[in-house]
Amino acid sequence: MSIQENLKTIEATIPAHVTLVAVSKTKPVEDLQEAYAAGMRDFGENKIQEMCDKYEVLPKDIRWHMIGHVQTNKVKYMAPFVHLIHGVDSLKLLKEIHKQAEKNNRVIDVLLQQFIADEETKFGLDQEEIQQIMQEEVQHLPNVRVVGLMGMATFTEDENQIREEFRSLKSNFDSLKNNFENLTILSMGMSGDYQIAIEEGSTMVRIGSSIFGHRNYSI
Ligand SMILES: *Cc1c(COP(=O)(O)O)cnc(C)c1O
């Protein structure tokens, strides 16, 4: 199936209130152009250099989502144009995004990444750290706007475990939302688990391989 056919098939399974981000990491510019021609405007990348290179050559109405782990010393390269940074997992990073946003005269939207998986390898903050950042830090950082939360479930066949992890993220999201009205985005769900994520309240899914095919990391 072509990228355009894959997109159509997936879009048909996603309700209107859920935003689809096409995760194009490692894929060539031609693949993004094909998705763009099919109407896709939200693209997700996990490496800043690669996102900047693609930004340079592709149409300027694309909304670029940084979905990977971000090193503070590289924030400056994407600060002029990034649409949403999903994986903010430390106060240090949040402060650096604020600083670079200020230099660029803009407000950058971000999601705080909550650690929900049963895996050592995934990044993220815990519920208390998120609470603390929201209550004590964000008011001092006017050039960042925390618009929601992001999380990744454990890589497992156990659907119940995945569902429980998404449910705990949604529950924290809902309780925070009572006090912070800017929180509107809950980014959870990838190719393998996005349907569970939507059932559990996701408003943004990040889908790569089901659109573009499997990634080849050796190139
Ligand atoms: C790569 C990646 C995705 C997309 O994964 P697929 O399984 O290819 O859909 C989603 N979110 C994050 C954070 C990723 O790094």
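The expected span of a helix is 1.5 Å times one less than its number of residues, where helices are DSSP runs of H or I with at least four residues, strands are runs of E with at least two, and both are numbered from the N terminus. This is a predicted model, in which local features need pLDDT of at least 70 and side-chain atom pairs count only at pLDDT 80 or more, while totals for chains, interfaces and linings use all residues. Residues are numbered from 1 along each chain as its sequence is written, and side-chain values use heavy atoms, with hydrogens and water left out.

The protein chain contains nine helices and eight strands. Its radius of gyration, taken over C-alpha atoms, is 17 Å, close to the 17 Å from the globule rule (2.2 Å times the number of residues to the power 0.38) for 219 residues, so the chain is as compact as a globular protein of that length.

For helix α5 (residues 91–103), 13 residues at 1.5 Å each should span 18 Å, which agrees with the 19 Å between its end C-alpha atoms. Its buried residues (under 20% relative accessible area with a 1.4 Å probe, protein chains only) include L93, L94 and I97, and the buried residues of α5 pack, through heavy atoms within 4.5 Å, against α4, β4, β5, α6 and β6. Just after α5, N105 takes a positive phi of about 60°.

Helix α6 (residues 127–137) holds E137, which touches L91, K95 and Q132, residues up to four places away in sequence not being counted.

How values were computed:
Buried means under 20% relative accessible area, exposed over 50%, partly exposed in between (1.4 Å probe, protein chains only).
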